[in-house]
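I opened this notebook to record what I looked up in one protein model. The entries follow the order in which I took up each topic.

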Amino acid sequence: MRLKTLEWLPDEKKVRLIEQTKLPGSIEYIETDDYLVMCDAIRRLAVRGAPALGCAGAYGVLIGALSLAEDGFDSFSKETRRIMDELRATRPTAVNLPWAIDRMESVLDQQNDTRAALDALTKEALAIHEEDDAMCRSIGENGATLLADEMSVLTHCNAGSLATGGMGTALAPVYVAHEQGKKIHVYADETRPLLQGARLTSWELQQNGIDVTLICDNMAAVVMRKGWVNAVIVGSDRIACNGDVANKIGTYTVALAAKEHNVPFYVAAPTSTVDPSLASGDLIPIEERASEEVAGFDGCRTAPDGIKTYNPAFDVTPNELVAAIITERGVHKPPYDFSFLRG
Ligand code: MRU
């Protein structure tokens, strides 16, 4: 069973999203034709994960454009570009979000009539979503070649179907290997502070019949030391030209532990996650989130009032810790040089 993380409803001209903050307790949906609801959903992580943010950004532009009063193409175009800027600013790290919105803007650049522009923007948003689905499948097929008949994989955060417009990135090789009859077990890190591993990864793997064991983040090195992990596969929010990789906070720690225990550390992501304009990971903007996420747990305050906190949502793993980067184009090995993706 694979639920649709995002879906375009053509008759209603609305987008439907799984409300991920409610998982796994209940499966609820947001159905909206209001781009401000989409901005809020992105900020709250009701929709999250880099490729899904790309699709959400494109649909956000589309519903924003569709809602505009028809008073001439110039004002339509100006207002649509303002909506694009608002959507771009919702979360800074995943490059897929501005990448998809830039694609929508290029389409708008070629138009001079509102009705034709709306048709073209609709086609582009659907194409971004369909391409993401296809890229996930290719990542799965490429990544499955790295997995043996019986294997245990550790993952961090959620880079599965809930994070994409398809079957996932880091989890796609697991799903494809499972389809191929391989016996794959997954250790899912719980992923403090927002628990994407516990709430989302362990849930979607369980729903799809994959053998999964949930562990706290601070147990990853222990299961590696015991020899229970054969490979780490994580997703990414932005990959620099040199193969430095931004992903959910805690990924760097996992990569260090993997190196110490000779476990290959793989990153799976579509090429839309590569930012060839950045020479290294030091240039990747890292989102900092609210103090309450660290000072509390599940909505309850756990830390003393007035305590100082530091809450970056992502970290950067240097390329020398990355054994391979799996994209829809193949399995890239070091030394990494993604400059060929410059437009
Ligand atoms: O804050 P989130 O939940 O959006 O963070 C998501 C991740 O870090 C994922 O690993 C990454 O976006 C890749 S998703 C295929």
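I took helices (H or I, at least four residues) and strands (E, at least two) as DSSP runs, numbered from the N terminus. The model is a predicted one, in which local features need pLDDT of at least 70, side-chain atom pairs count only at pLDDT 80 or more, and totals for chains, interfaces and linings use all residues. Residues are numbered from 1 along each chain as its sequence is written, and side-chain values use heavy atoms, with hydrogens and water left out.

**Entry 1: annotated sites**

I consulted the UniProt record, whose positions are given in the numbering used here, with feature names shortened and annotations that may be inferred rather than shown by experiment. Under "binding site", the unreviewed entry covers Arg-48, Gly-49, Ala-50, Arg-91, Gln-196, Asn-247 and Lys-248. From this set, Arg-48, Gly-49, Ala-50, Arg-91, Gln-196, Asn-247 and Lys-248 belong to the lining of the largest cavity. A cavity here is a set of points, on a 1 Å grid over the protein atoms alone, where a 1.4 Å probe fits but cannot get out; a pocket is an open set with protein on both sides within 12 Å along at least five of seven lines, and lining residues have an atom within 4 Å of a point.

I then located Arg-48 in the loop between helix H1 (35-44) and helix H2 (50-66). Is Arg-48 buried or exposed? Arg-48 has a relative accessible area of 3% and therefore counts as buried (under 20%; exposed is over 50%, partly exposed in between, with a 1.4 Å probe and protein chains only). Leaving aside neighbours within four places in sequence, Arg-48 is in contact (heavy atoms within 4.5 Å) with residues including Gln-20, Arg-91, Asn-158 and Gln-196.

For "active site", the unreviewed UniProt entry lists Asp-237. I found Asp-237 in the loop between strand E7 (231-234) and strand E8 (238-240). Asp-237 is buried, because its relative accessible area is 7%. Not counting residues up to four places away in sequence, Asp-237 touches several residues, among them Ala-50, Asn-96, Asn-247, Lys-248 and Phe-314.

**Entry 2: domains**

I noted a division into domain 1 (6-137) and domain 2 (142-341), with bounds from an automatic or database domain assignment. Their C-alpha centres lie 25 Å apart. Between them, 28 residues of domain 1 are in contact with 35 residues of domain 2.

**Entry 3: the largest pocket**

I read about 400 Å³ of space in the largest pocket, a volume being the space filled by probe spheres set on grid points joined across faces, edges and corners. Its lining has 18 residues, with Pro-193, Leu-194, Phe-297, Asp-298 and Gly-299 nearest the centre. Helix H10 (292-295), strand E12 (296-297) and strand E13 (300-301) each give two or more residues to this lining, and H10 gives the most, with three. By class, I recorded seven nonpolar, three polar and eight charged residues (Ala, Val, Leu, Ile, Met, Phe, Trp, Tyr, Cys and Pro are nonpolar, Asp, Glu, Lys and Arg charged, and the others, Gly among them, polar). Domain 1 and domain 2 each supply at least three residues of the lining of the largest pocket.

**Entry 4: the second largest pocket**

The second largest pocket holds about 220 Å³ of space. Of its 16 lining residues, Lys-4, Leu-6, Glu-7, His-129 and Gly-165 are closest to its centre. Helix H5 gives the most to this lining, with four residues.
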